[in-house]
Amino acid sequence: MGNDVFEITVNAVKLIVVFLLMVQAVPILVWLERRGSAFIQNRFGPNRVGPLGLLQLLADAVKFITKEDFAPDKAIRKLFYAAPVFALIPATLAYAAIPMSLPFMVPAFEMLGSTWGPYTFRVQGYEIGVGIVFILGVSSLAAYTILMAGWGSGSKFSLLGALRAAAQVISYELALGLSIVGVILLYGTFNLTEMIQAQQGPLQFTAFGHTITSAVSWIPNWGIFYQPIGFLLFFAAAFAESNRLPFDLAEGEAELVAGFHTEYGGFKMLMFFIGEYGHMMIASGLATTFFFGGYGIPGITPDELQQIILGWGFSEAGAGGLNSLIHFLSYNVKFAIFLWIFIQVRWTLPRFRYDQLMDLGWKTMLPWALANTIATAVIIYAVS
Amino acid sequence: MSEMPLGGIIFLTIFIAIFGTALIFLARAIGGQRKNNSAVKRDIYECGIPGQDKKESKVSVKFYLTAILFILFDIEIIFMYPWAISFRDFIANGMGTPIMISMGVFIAIFIYGLWWGVKSRALEWD
Amino acid sequence: MTADAFLFWFLALSTVAGGVMVVSLTNPIYAALSLAFTMVSVAAVFVTLEAFFVAGVQLIVYAGAVMVLFVMVLMLFDLKHEVESFARGKVTGAIKLLAAGLLAGLLIGAILYSSSGELGSSAPQAAAQIDSTKTLGYRLFTQHIFAFEALGVLLLVIAVGVVALSRSKGGTHGKH
Amino acid sequence: MVNTNVFLEIGLNHYLVLSTVLFCLGMIGVLLRKNAIVMLMSIELMLNAVNISFIAFGKYNSNIDGQIMVFFVMTIAAAEAAVGLALAVSIFKRFKEVNIRFFEHLKG
């Protein structure tokens, strides 16, 4: 994690901050979801508590934490209580691996009578060489949470919902994993930071040894222009992975009450919420990283921006920090757009039937992802 | 280049586990217990009729069939990852055609498996 | 070096603890969950051995797929806490434990005895300059290409067999 | 005389001993348990132990083939688990029994 006490401490604090950021974003998303759904359905939504109903978040939190803690008699208490805690782990571990901005340098400084060497801190939980594989592996552990909750509740609705949800999650993992193969073929790396670096600069195609740069210089070199089908498949599969409408078959109210968290209430329920929204955030972050240049800003590379900021009279380190901050904002704008798409889709599309869902995953998305992979490979092979 | 900060991952895992457990206990302490603690309240959810145990519910064996097919296809997809990452190197080394052929055979097997699965109605949910 | 050693002992402890729980817990679902935990720990052990990609595959395939299948099947069966989860007979049980212990002792003895050889004490050579995953892909698709294709066929055969098995209504005498 | 280096310097032997211990745990599971599915799980444990030693040898020999072998072992193990569970499920559906002693009553 680092070479000395300072670096280790900063990295540990950074991890905790990433976790809290994720937890923190959930009430905001819930508010956005409720206001957004009201906006879409021509209602007002929560608007009484505080300006624009923003304090509703706080009221909700207070409500959740003052609920009676409760487990049914037939529940297996160990699993029943462990499942919500485990729901947080895969989402956070995966989210911490997504780069959110440029790394920034801290020059050497004096503290407590000794010199602390120059450091480079990344704006992400940790940098992982095989980033995609790690994220896929960790998020595939989310199935255990569902199964533990469903089994531990001791209720048939929970068990049925859990089995459905697990079958759905694993089915769409295939389409998700296969749609990423095209991305890996394109960038030739598993590392998310290297992918973002490959997407900087204006759009340019390299074909038959010639480089064709687009005439309009502000069109960025984003993955979406190379992998449009891959993006659609990835994003649709990500909806299913995070159990969101139109794929929320696990909790189809008419059939299964509330799926695997039928028996949960109060704070434990909120933790499942955090896990679910965490998966949404991972999907948004990954879509941003793979297809929309990550933290990059269209029309300008980080080095050029650094030069511009230096021109404003900042020191090297200060300019680096400001540059990092600007890219962080850029990342968050893209990230928020994707989160809004998640919400918009939820309140626009109706739910699938379960057989339609499975057909879509196995018989439509999997073949299309395969076709996308083959097409990408053939094109890469043909043009080089 | 390939690095994995195992210490950080383990630290974060343990931190979340402790944090989550603490939150659950906190909610338990603040929420307290209500006076009503009847058997009906502590029963599992049911809509108007006496609660039914999960033992009596029949679960379709389709779920496990889906899971098995998922494992087999998942491994085939995982095999594509090392291919995808070294594909450009192969082309650069002039081995593009052999690698395309060998992967083509593999993908053909994959497609045949998928086609067979669809044809045999193993993936049919009704 | 100390941090690495600490990490190794921590992971070794969690791996072995998970293994012991798999063998000793009488409820099969708990055993399956602890096996999943062991798999994750083994993936972490792979990371300490710098096999990053294989560690990820271990997570995806073993922890994320195979063990999910086990847990799902156990839940489908709804196997409760078993009274007789271990084989009968104290004497035979003791003999079996002894045999396993003897094998462990023999193997560990052999490992320690042979550690004076050139393998045991030699520090690992500097990591190859090329990215190890790319090297892995390169070797897999040049040296082991036939094994790779054979595995593709094997997976297909298994898929067919499994579907056929689940199709049969049970029973051992012809079709129904 | 306790050599502290054994605890502080991790080498190939440590991984091999870990692998041995895991393997023997899996073996105990296969020998002692009666539930067919738990026995399958113990076999997975043994395969994992083997994988650890493959990767350890691969690293200390600077040879990537160990990892490729692990890749293959994982595939075979997953296939084995799939077939084993499919068999167990069909027997369970028919006879409601997963005890391994029961299986010897089956006749072709």
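What percentage of the 384 residues of chain A count as buried?

A: The model is a predicted one, and in it 51% of the 384 residues of chain A count as buried. Chain A has 13 helices and six strands, and its radius of gyration is 23 Å, close to the 21 Å that the globule rule gives for 384 residues, so chain A is as compact as a globular protein of that length. Its C-alpha trace spans about 65 × 60 × 45 Å along the principal axes, and among the contacts in chain A with a separation of 6 or more, 75% are accounted for by residues 24 or more positions apart. One local detail of the backbone of chain A is Asn42(A), which is not a glycine and yet has a positive phi, near 60°. Asn42(A) lies in the loop between α1 (5-40) and α2 (56-66) of chain A, where this residue is exposed, with 6 other C-beta atoms within 10 Å.

Of its 26 residues, 26 are buried, so α3(C) is largely enclosed by the rest of the structure. A residue counts as buried when 20 or more other C-beta atoms lie within 10 Å of its own, and Glu50(C), which has 19 C-beta neighbours inside 10 Å, therefore counts as partly exposed. Glu50(C) is found in the loop between α2 and α3 of chain C, and its phi is positive, about 65°, although Glu50(C) is not a glycine.

As for the rest of chain C, the domain assignment gives domain 1 (1-83), domain 2 (89-114) and domain 3 (130-176), and the C-alpha centres of domain 1 and domain 2 of chain C lie 23 Å apart. Among the elements of chain C, helix α2 (residues 28-48) has the highest mean pLDDT, 91, whereas helix α5 (residues 118-121) has the lowest, 46. Over residues 117-129 of chain C the pLDDT stays under 50, and the model has 16 contacts beyond four places in sequence for them; over residues 170-176 of chain C the pLDDT likewise stays under 50, with nine such contacts.

Chain C also has a partner in chain D, of which 64 residues are in contact with 77 residues of chain C. On the side of chain D that touches chain C, the elements giving two or more residues are α1 (5-8), α2 (12-32), α3 (36-60) and α4 (65-95) of chain D, and α4(D) gives the most, with 21 residues. The secondary structure of chain D comes to four helices and zero strands. Its radius of gyration is 18 Å, whereas a compact globule of 108 residues would have one near 13 Å, and its C-alpha trace spans about 55 × 35 × 15 Å along the principal axes. Buried residues make up 54% of the 108 residues in chain D, and 51% of its contacts between residues at least 6 apart in sequence join residues at least 24 apart.

Methods
Residues are numbered from 1 along each chain as its sequence is written. Chains are lettered from A and ligands numbered from 1 in the order in which they are written. This is a predicted model: local features need pLDDT of at least 70, side-chain atom pairs count only at pLDDT 80 or more; totals for chains, interfaces and linings use all residues. Domain bounds come from an automatic or database domain assignment. A residue is buried if 20 or more other C-beta atoms lie within 10 Å of its own, exposed if 12 or fewer, and partly exposed in between; C-beta atoms are placed from the backbone. The radius of gyration is taken over C-alpha atoms; the globule rule is 2.2 Å times the number of residues to the power 0.38. Two residues are in contact if their C-beta atoms, placed from the backbone, lie within 7 Å. pLDDT is the predictor's confidence in each residue, from 0 to 100.
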